[in-house]
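This report describes selected features of one protein structure, moving from individual residues to the packing of elements. The sequence and the structure are shown first.

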Amino acid sequence: MENPTDSIQYLHQAVEPTRQQLLNNSLYQRLETLADLRRFMEHHVFAVWDFMSLLKALQRDLTCVAVPWVPSPNPATRRLINEIVLGEESDVDPQGRPTSHFELYVQAMEECGANTAPIRRLVAAIAAGRTVGQALTEAQAPASVREFVETTFDIINSGQPHAVAAAFTFGREDLIPAMFRQLVGELRDRFPGQLDTFVYYLDRHIELDEEVHAPLAEQMVRELCGDDPTRWQECQQVAIRCLEARMVLWDGIVPVGVSFLPA
């Protein structure tokens, strides 16, 4: 690992076995009915929500969000994170109206009849000043969801922007296009009119993350780690931890050897 570019390649190679294990999860093949998909979305929406906190933690740490304003140290990294924030927090829905990807996902849940009450309870609890742990309790989040979200916030609270960037890049942006391609499949044709917003969400994520956000996120990791081997090692550990947490989340939706139950 003699320079940041080589370090990114090394990091990709180091996490690839865990990444492939996740992409080969049987969950994707078990999403056969609308009841299956609803159950998936009711768990996955918590990951869509906590992703925004990863993103905003990076914006907090890498740009200036305080008043009075002062320029943050690295203009290139500042631009990178602000471009990603624009796409994730202020994208457009199928009708061209501004929306965040989280709000778009909740809209997709409503369209297909998934239960949005738990995630709405969590957001309401956070807005009322509850801690993340308290909000998860009020939402009655499943144990696998709680573990996933708590892992995310443990990384956020580490005070290490390079670790947060690794979670964001290798646990989300680099992973999502390959993962979502497994979900898109024949959904539009099999359930006409019921999953239009969800398929739009998936297609939008594949397009933005693969073509724009993942390369920007990798550059952010390069900027934050530089030539510090300790930081690169910590990024590897965090990336694998995030992928393993995602597997726990998936296994909570479909326990090993157990089929989906009717909703």
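Cys225 counts as buried, with a relative accessibility of 4%. The structure is a predicted model. In this model Cys235 is in no disulfide, and the nearest cysteine sulfur, that of Cys225, is 3.4 Å away. A disulfide is a covalent bond between the sulfur atoms of two cysteines. Because a disulfide is assigned to cysteine sulfur atoms within 2.5 Å, the separation of 3.4 Å between the sulfurs of Cys225 and Cys235 is too far for a bond. The count of disulfides by this rule is zero. Cys235 is also buried, at 0% relative accessibility.

**Buried residues**

| Residue | Relative accessibility |
|---|---|
| Pro177 | 4% |
| Gln59 | 12% |
| Cys225 | 4% |
| Cys235 | 0% |

Gln59 belongs to helix 3 and counts as buried because its relative accessibility, 12%, falls under the 20% limit. Leaving out residues up to four places away in sequence, Gln59 touches Val65, Ile81, Asn82 and Val85. Pro177 lies in helix 10, which spans residues 176-184. Between Pro177 and Arg204 there are 9.6 Å in space, C-alpha to C-alpha, and the two are 27 residues apart in sequence.

**Nonpolar core**

The largest nonpolar core has 88 residues, and those with the most contacts inside it are Phe40, Phe46, Phe198 and Met220. Helix 3, residues 34-62, supplies the largest share of this core, with 16 residues. For Phe46, contacts beyond its neighbours within four places in sequence are with Pro118, Ile119, Leu122, Leu136, Ala139, Ala141, Val145 and Val149.

**Helix 3 and helix 9**

Two packed helices are described by the angle between their axes and the distance between the axes. The axes of helix 3 and helix 9 (residues 161-173) cross at roughly 145 degrees and come within 10 Å. The crossing in which helix 3 passes helix 9 is left-handed. On the side of helix 3, the contact involves Ala47, Asp50, Phe51, Leu54, Leu55, Ala57, Leu58, Asp61 and Leu62. These meet Pro161, Val164, Ala165, Ala167, Phe168, Arg172 and Glu173 in helix 9. By class, this contact of helix 3 with helix 9 has twelve nonpolar residues, four charged residues and no polar residues.

Methods: Residues numbered from 1 in each chain as written. Predicted model: local features only at pLDDT ≥ 70, side-chain atom pairs only at ≥ 80, totals over all residues. Heavy atoms only, no water. Helix = DSSP H or I, 4+ residues; strand = E, 2+ residues; numbered from the N terminus. Buried < 20%, exposed > 50% of the residue type's maximum accessible area, 1.4 Å probe, protein only. Core = buried A, V, L, I, M, F, W, Y, C linked by side-chain atoms within 4.5 Å. Contact = heavy atoms within 4.5 Å. Axes fitted to C-alpha atoms, helices over the stretch in contact; angles between N-to-C directions. Left-handed = near helix turned anticlockwise from the far one by under 90°. Nonpolar A, V, L, I, M, F, W, Y, C, P; charged D, E, K, R; others polar.
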